[in-house]
Amino acid sequence: MSGNTGTQGMSLIVKTVTRLTVGLVFLYGVFIVLNGHLSPGGGFSGGVIIGLAFVNLVLAYGRDTASKIATAAGASMIESLGAVMFISIALLGLQWGGFLQNFLPHGTPFHLVSAGTLPLLNIAICLKVGAGMFSIFLALIVLLKFESEVKR
Amino acid sequence: MSSYMPYMLCFVLFCIGIFAVFSKKSLIKIIVGLAISEYAANLFLILVGYKMGGRAPIFSPTETISPDLMVDPLPQALVLTSIVIGLAITAFLVAIAMRLYEKYGTFDVTKIRELRG
Amino acid sequence: MIGPNTLPLFVAIPLAGAFICPLLGKRVKSAVDAVGIMAVLGVFALSIFAVITLEGRDYSPISVTAGGWPAPYGIQMVLDGLTAFMLVTVNFVALLVAIYSLSYMDRYTSRWKYFTLFLLMLAGMNGVLITGDIFNLFVFLEIASIASYALVAFGTEKHELEAAFRYAVMGSIGSLLILMGITLIYSRASTLNMAHIAQRLQVFGMGRTGLAALVLFVAGFGLKSALVPFHAWLPDAHPSAPAPISAMLSGVLIKSLGVYALARLVFNVLGITPHISSALMALGALSMVVGAILAMNQWDLKRLLAYSSISQIGYIVLGLGVGTPLGILGGLFHLFNHSVFKSLLFLDSGSIEYSVGSRDLREMGGLGKRMRVTSWTTLSASMSISGVPPFAGFWSKLLIIMACIQEKQWVYAIVAVAISIVTLAYFLKVTRFAFLGTVRDTLRGVIEVPAFMRIAMVGLAMVCILGGLLLIPGIREAFLGGAANALSAGVIIPGEMGR
Amino acid sequence: MIELYVMLGLMIAGAIIAIEVRNLLSAVITVGVIGLGVSVVFLLLKAPDIALTQLVVEIMAVIIMIRATINTGIASVDSGTKRFGSFLGLAVVVLMCVGALPVMQHVQRFGHPLMLVSSRYASGAVARTGAVNAVTSIVLDFRGYDTLGEATILFTAVVGVVTVLRARGRKSEDEQVPESEE
């Protein structure tokens with residue numbers, strides 16, 4: 001934040017660097033989530049990385065320009081989508097046994113599509129954690145706008 | 001001697017965090033103290049699960065690792081959960097600290113209590 | 001009716017409600033009320049069925065593991081006598097408080113956030129009650145705590161934010177102590193399932209790690225249930241919360257997160273020893289005395305009720321600390337009674353604040369004629385809490401005092417009787433200043449509270465008056481007896497919980 | 001494991017600095033450094049999953065904490081210590097250390113965990129859940145119910161933060177009836 005009301009975001013250098021890197025950060029987050037059951041990482045860390053990609057966007061470009069891409073309503077929608085996805089996979093498990101039964105076939109180890117419902121649960125957790133982080137950050141930013149009105 | 005030294009150092013970190021929470025006036029310092037003791041509690045959980053000369057609990061396609069060489073995976077699963085709990089608590093406390101600053105104009109707990117009347 | 005697979009519904013129904021509320025909340029206002037009430041009603045009906053089913057199979061526990069893995073590897077959910085008893089208490093009070101807040105929360109903005117957090121707190125409490133795994137207990141304890149921190153700060157006024165901050169800091173220190181205790185237990189027993197921990201600690205003995213874990217649990221859960229050395233947060237947090245929330249906090253939250261979890265770990269997992277029971281009795285008596293003394297000279301009605309909560313929690317811990325089946329029965333019965341009449345008293349203070357606008361006893365007077373329902377319900381609750389014979393509170397305090405006498409604990413018995421008289425004194429003060437006396441001119445226009453609030457208050461008052469019937473031999477085995485046996489059965493054997 | 005002790009020593013020094021430094025912003029940055037130290041120690045203890053999660057979550061925590069300190073107009077300087085508070089804090093810390101010393105010797109020897117239950121997690125992970133990463137198989141399959149609780153905690157924190165940060169808690173007298181939603 002360059003200390004002023006922060007709507008225009010940071011200096012030009014930061015903006016160009018962000019423009020180049022935010023796609024890579026997002027891609028890295030998606031990689032971590034999808035390979036959660038093969039390599040370290042998983043829904044939690046991948047989700048936070050994706051959340052940080054959006055936070056990076058908001059910090060660099062300021063809240064107004066970034067809100068074309070990522071709005072608070074969109075974030076809470078994705079979060080509810082992640083929650084519903086997790087709960088439905090859990091309740092679907094009731095059909096084949098326990099509450100959170102892993103009912104899909106396990107596939108062959110070391111392959112991307114293996115370990116039954118684990119990748120799907122990873123994706124659900126990623127949506128929830130990433131969108132949750134981002135909406136906490138947006139809620140804190142909104143207060144800044146509110147505060148500047150209070151000061152004037 | 002070295003059989004419990006890491007536990008003691010981790011416990012000292014926990015005590016520093018708790019001391020800060022009790023003794024500091026500024027809200028931000030209280031949040032900092034709480035974050036430190038959360039890091040120490042998570043670290044203590046992982047220290048309990050470490051096996052000397054063990055391997056990370058992930059199988060690799062190239063070489064076959066025997067499972068009993070692996071470090072204890074259960075505390076790692078628990079710490080994954082308690083790290084995010086720590087973040088949730090920190091985010092909530094920061095939100096309240098900012099609202100208190102906006103209402104009282106200071107981060108100082110003692111001034112806030114006097115103004116409350 | 002309650003099969004193993006319906007056990008997760010105790011958590012799934014409030015969670016589903018909590019996830020639906022934000023989706024509906026912005027568009028359809030009345031839908032949020034419907035979802036909230038439906039979810040709490042569903043869980044309350046389920047808990048009634050739980051007691052009936054358990055009574056049918058004479059209290060052998062029903063258990064299920066999430067994910068279908070056998071007990072020590074998956075997380076086990078268990079329904080035994082004590083769990084069913086706590087579920088009925090928690091969900092009954094939650095239902096009536098939800099009905100009360102339908103009209104009380106018109107004074108606050110963003111209603112759907114209130115009902116989302118309310119359902120999340122309920123899901124956390126139900127999760128703590130049915131789990132058989134200590135780390136899972138920590139996770140659901142954290143859900144209920146974070147939701148209650150946010151609800152205390154719901155009105156975003158100056159004093160509420162400051163009280164919520166202190167409550168959140170003290171609460172998370174308690175959670176950290178509990179987490180350290182769980183780590184020590186895991187390093188000793190290397191499993192997280194409560195039944196298997198109990199079995200391993202019997203075989204390997206508690207050792208210093210087990211004792212340290214017990215001390216950490218007493219400190220952590222003591223912080224959550226506001227026992228005296230750790231009570232600093234309660235007198236600020238409860239009065240500044242909205243009335244239905246302080247009713248939930250004082251009524252059920254400090255009991256299910258604090259006293260229930262402590263009793264479950266001390267009696268069923270770590271095993272009660274004379275040292276532990278004398279320590280618990282000392283803590284209970286200390287809380288009783290300090291709570292009552294501090295409550296004497298309070299003029300703010302809700303602060304007086306908050307201090308009296310600390311004192312009554314002392315009764316419960318004293319009852320459980322005695323350790324004999326009679327003491328445990330008295331402690332649990334007082335826990336049920338206290339949930340009912342303390343939440344009723346907080347709802348009454350909310351109604352007075354709703355129509356009179358102030359909580360200070362000196363500014364009230366003569367409300368008896370104006371607010372008929374509120375005054376009668378407050379009277380019945382005050383009589384019940386101070387142990388006046390026909391009311392429920394008398395029987396539970398009597399059981400605790402008899403248990404103390406049986407165990408030759410003369411000091412604690414005398415203290416219990418004395419504190420009961422002090423409680424009667426400061427509740428007479430409340431009735432005299434609030435309801436008797438001449439109506440002040442400023443209070444001419446005072447009217448009774450809306451219908452929903454009256455229904456909730458009358459519902460709780462009925463249980464205050466008829467609570468004594470629970471002790472009749474016919475009904476006692478069904479409800480209280482099952483819970484007391486579950487605790488006094490001592491350390492649980494995996495086989496018995498594993499079915 | 002000498003590097004473990006070096007890291008722990010540095011983190012304790014960092015913790016003391018974070019507590020005593022005057023400027024709030026540098027206190028928050030020092031906590032960020034300690035978080036990185038914790039992440040490195042997790043790597044040393046063979047927990048890559050947790051190191052990655054700790055690193056990323058700690059960056060988020062530092063961003064949030066910095067957010068609270070920079071926009072306060074006055075130079076955000078620490079406001080000292082409470083006299084009674086530091087006495088109470090010292091008493092609690094001394095009590096805990098006196099209690100902890102005899103206990104820590106009896107905790108399971110460092111580096112030799114009793115892996116009664118989790119030995120089956122490690123060996124059974126591939127066979128039973130198909131996941132190669134034992135930690136993910138525990139988090140999502142063996143103990144998936146915990147992760148459901150975990151996702152709910154984050155959801156509670158989001159609703160809690162949004163509730164605390166809304167502009168007006170109570171409705172003013174005049175607009176009782178219309179539901180003013182912001």
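User: Which residues in helix 7 of chain C are buried?
Analyst: In helix 7 of chain C, the buried residues are C:Met194, C:Ala195, C:His196, C:Ile197, C:Ala198, C:Gln199, C:Arg200 and C:Leu201. A residue is buried here if 20 or more other C-beta atoms lie within 10 Å of its own, exposed if 12 or fewer, and partly exposed in between, with C-beta atoms placed from the backbone. Helices (H or I, at least four residues) and strands (E, at least two) are DSSP runs, numbered from the N terminus. This is a predicted model, in which local features need pLDDT of at least 70 and side-chain atom pairs count only at pLDDT 80 or more, while totals for chains, interfaces and linings use all residues. Residues are numbered from 1 along each chain as its sequence is written, and chains are lettered from A and ligands numbered from 1 in the order in which they are written.

User: ok, and how enclosed is that helix overall?
Analyst: Helix 7 of chain C (residues 194-204) is largely enclosed by the rest of the structure, because 8 of its 11 residues are buried. Just after this helix, C:Gly205 takes a positive phi of about 80 degrees.

User: What about strand 2 of chain C, which residues lie on each face?
Analyst: On one side are C:Ile75, C:Met77 and C:Leu79, on the other C:Gln76 and C:Val78, and all of these are buried, which leaves both faces covered. Strand 2 of chain C pairs with strand 1 (residues 62-66) of chain C in the antiparallel sense over 5 bridges, where pairing requires that DSSP finds at least two bridges between the strands. Within strand 2, C:Ile75 stands opposite C:Ala66.

User: Switching to chain D: what's the fold made of?
Analyst: Chain D has 7 helices and 0 strands, and from the N terminus on its elements run α-α-α-α-α-α-α. The radius of gyration of chain D, taken over C-alpha atoms, is 23 Å, well over the 16 Å that the globule rule gives for 182 residues, so chain D is more spread out than a compact globule. That rule is 2.2 Å times the number of residues to the power 0.38. The C-alpha trace of chain D spans about 65 × 45 × 30 Å along its principal axes, and buried residues make up 49% of the 182 residues.

User: Where are its domains?
Analyst: Chain D is divided into domain 1 (1-75) and domain 2 (117-166), with bounds that come from an automatic or database domain assignment. Their centres, taken over C-alpha atoms, are separated by 24 Å.

User: How many residues meet between D and B?
Analyst: Chain D gives 82 residues to the contact and chain B gives 74, with two residues counted in contact if their C-beta atoms, placed from the backbone, lie within 7 Å. The side of chain D that touches chain B has 54 nonpolar, 20 polar and 8 charged residues. In this classification Ala, Val, Leu, Ile, Met, Phe, Trp, Tyr, Cys and Pro count as nonpolar, Asp, Glu, Lys and Arg as charged, and the others, Gly among them, as polar.

User: And B against C, which helix gives the most?
Analyst: In that contact, 27 residues of chain B meet 23 residues of chain C. Helix 3 of chain B gives the most to the side of chain B that touches chain C, with 14 residues.

User: Last one, what does B:Ala97 touch?
Analyst: Not counting residues up to four places away in sequence, B:Ala97 touches B:Leu27, B:Ile28, B:Ile31, B:Phe107 and D:Ala68.
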